[in-house]
Amino acid sequence: MKKTRQNLLIALAAALAVTLIIGAGVLRRVDKWAQDRLFQQPGVTSPDIILIGIDEKALAELGPYHTWSRAVMASALEQLAADPAQMPAVVAIDTLYAGKTDPEADARLARAAAQLPNVVTAAMAEFGTAYQAAAQGGLNVDSYAVLRYDAPYASLESVTAQGHINAMYDTDGILRHSILYVDVPGEWMGGQAERVYSMAYETARLYLSGQGRGLSQPPTDKRGHFFIPFTGKPGSYSDGYSLADLIAGRMDPGAYAGKIVLIGPYAAALQDAYFTPISRSEQMYGVEIHANVIQSLLEENFKREAPDWPQLTALFALSFGAALLFLSIKLKKAVWAAAALILAGPLTALGLYALGYVTHAVWLSAAVLALLILAVGRHYALAALERQRVTRTFERYVAPEIVQEILKEGTDGLKLGGQPEGNRGAVCGYPGLYHHVRAAGPGKGGVHFEPVPGHDQRLRGEKRRDPG
């Protein structure tokens with residue numbers, strides 16, 4: 001009963017400790033790495049999404065990007081609209097056309113966009129910290145305030161839909177989330193605040209609208225961020241189409257007819273690439289991230305990130321049960337049980353991901369490993385204490401080499417007991433080794449050991465000690 005209560009207290013303290021440590025975030029980076037490896041697996045990319053890159057070929061043929069007139073993009077859109085029977089369903093341009101430049105080029109780009117069924121142009125918000133006076137005094141601090149908003153110039157804005165192209169890294173420098181919308185203050189929207197959705201969302205919405213279908217929204221946090229289940233790795237959506245080929249008429253209209261066409265930077269020099277969870281060692285161009293988000297929206301492949309508190313509650317309960325189990329069974333069985341639980345952690349996370357939930361992939365495995373180490377340490381500490389106790393007890397009666405032989409066989413069956421009879425002392429009992437202990441006689445000191453007939457005869461000895 002005492003041992004059971006002791007095990008309960010140890011298991012409770014250990015479970016609470018590992019839960020608090022893990023909840024404090026010590027495994028954040030390891031857990032993110034495990035989630036990326038488990039959840040973000042390449043799949044089949046949608047054939048309805050076509051990438052046309054502003055790539056090295058385009059830069060070589062058309063000149064450095066900063067020298068381009070807006071007439072270059074106008075030429076590309078004119079080619080897409082050349083055959084009314086083979087126009088794309090939606091064209092999204094992942095470059096920002098804010099402010100006025102050459103009036104003729106600006107007007108030409110707007111006219112070209114108006115010839116196509118649906119064109120989505122880029123907008124961008126700048127975030128920062130803003131301070132506002134509170135109604136009851138003091139200041140309200142908004143660390144996610146929109147400090148600036150850039151939209152396309154007026155004539156282009158009037159003939160296109162707009163979608164923001166903002167992206168935001170996680171704290172470890174990996175882009176795992178998309179921003180569904182940005183709430184733009186009225187000062188940037190002509191006096192009335194407006195919610196601007198992402199380019200990916202607007203593109204998917206217009207594409208489905210052309211098919212008479214509506215678009216569902218993914219689950220987001222309070223800032224509109226949502227988890228991206230990537231399908232394609234860097235390069236997966238690209239068929240090698242260059243903007244230079246499109247403008248020169250070298251691209252077959254059948255490749256984009258009725259599809260989504262994404263036009264955007266596809267060269268390292270344009271510095272529009274990000275590290276993503278599906279390929280942490282190779283950057284992905286922004287236009288490819290749009291493609292991944294669009295596909296997840298079209299397929300309604302939405303993932304909801306589970307809150308931490310129910311996961312911590314489950315972790316505490318499972319940790320308590322595991323710790324109590326490890327303390328109550330043999331060490332070998334505890335190791336096998338721990339191995340099963342460690343494997344169950346990521347498998348459970350994978351199963352929940354398939355059901356639409358993003359959970360912490362290594363929490364359970366890390367907790368079980370820590371608890372197993374605790375149980376093993378306690379086992380060996382208790383064994384060392386037991387060996388010390390046995391040594392101290394029996395070395396008074398048995399030669400040291402005999403004690404060592406006893407300890408090699410283990411101490412589970414060892415006991416010292418019996419009542420003296422006449423000149424016979426106590427009986428030392430151990431499986432395979434039994435000795436009668438006989439008093440040496442008055443004034444002689446020490447004890448004599450005589451093997452019981454029929455038992456191990458190898459261990460004979462006599463140990464004498466001076467009295468006192």
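What follows is a chat about the model shown above.

Q: So what am I looking at, and how are things numbered and counted?
A: It's a predicted model, so local features need pLDDT of at least 70, side-chain atom pairs count only at pLDDT 80 or more, and totals for chains, interfaces and linings use all residues. Residues are numbered from 1 along each chain as its sequence is written, and side-chain values use heavy atoms, with hydrogens and water left out.

Q: What does the pLDDT average over the chain?
A: The average is 87, and 84% of the residues score at least 70. pLDDT is the predictor's confidence in each residue, from 0 to 100.

Q: Where is the pLDDT below 50?
A: Over residues 418-468. That stretch still has 88 contacts in the model beyond near neighbours in sequence, a contact being heavy atoms within 4.5 Å. Where pLDDT is low, the predicted coordinates should not be read in detail.

Q: How many helices and strands are there in the protein chain?
A: 13 helices and 19 strands. They're DSSP runs numbered from the N terminus: helices are H or I with at least four residues, strands are E with at least two.

Q: And how many of the residues are buried?
A: 43% of the 468 residues in the protein chain. Buried means under 20% relative accessible area, exposed over 50%, and partly exposed in between (1.4 Å probe, protein chains only).

Q: Which residues have the most contacts inside the largest nonpolar core?
A: I49, L51, L262 and I294, in a core of 38 residues. A nonpolar core here is a set of buried Ala, Val, Leu, Ile, Met, Phe, Trp, Tyr and Cys residues joined through side-chain atoms within 4.5 Å. The elements giving two or more residues to this core include β1 (49-54), β10 (260-265) and α9 (286-298).

Q: What does I49 contact?
A: Leaving out neighbours within four places in sequence, I49 is in contact with Y237, I260, L262, A291, I294 and Q295.

Q: Which residues are in the other core?
A: M73, A74, A112 and V261 are among its 34 residues, and that core lies apart from the largest one.

Q: Switching topic: how many salt bridges does the structure hold?
A: 12, where a salt bridge is a side-chain nitrogen of Lys or Arg within 4 Å of a carboxyl oxygen of Asp or Glu. One of them joins the side chains of R176 and D36 at 2.9 Å, N to O.

Q: Where do R176 and D36 lie?
A: R176 is in the loop between β5 (161-164) and β6 (177-179), and D36 is in helix α2 (residues 28-39), so the pair ties together parts 140 residues apart in sequence.

Q: Is R176 buried or exposed?
A: R176 counts as buried, at 1% relative accessibility. D36 also counts as buried, at 3%.

Q: How about R108 and E78?
A: Their side chains meet in a salt bridge too, at 2.9 Å, N to O. R108 lies in helix α5 (residues 103-114) and E78 in helix α4 (residues 70-80), so this pair links parts 30 residues apart in sequence. R108 counts as partly exposed at 27% relative accessibility, and E78 is partly exposed with a relative accessible area of 27%.

Q: Which residues do salt bridges with shared partners join into one network?
A: D36, D170, D172, R176 and R280.
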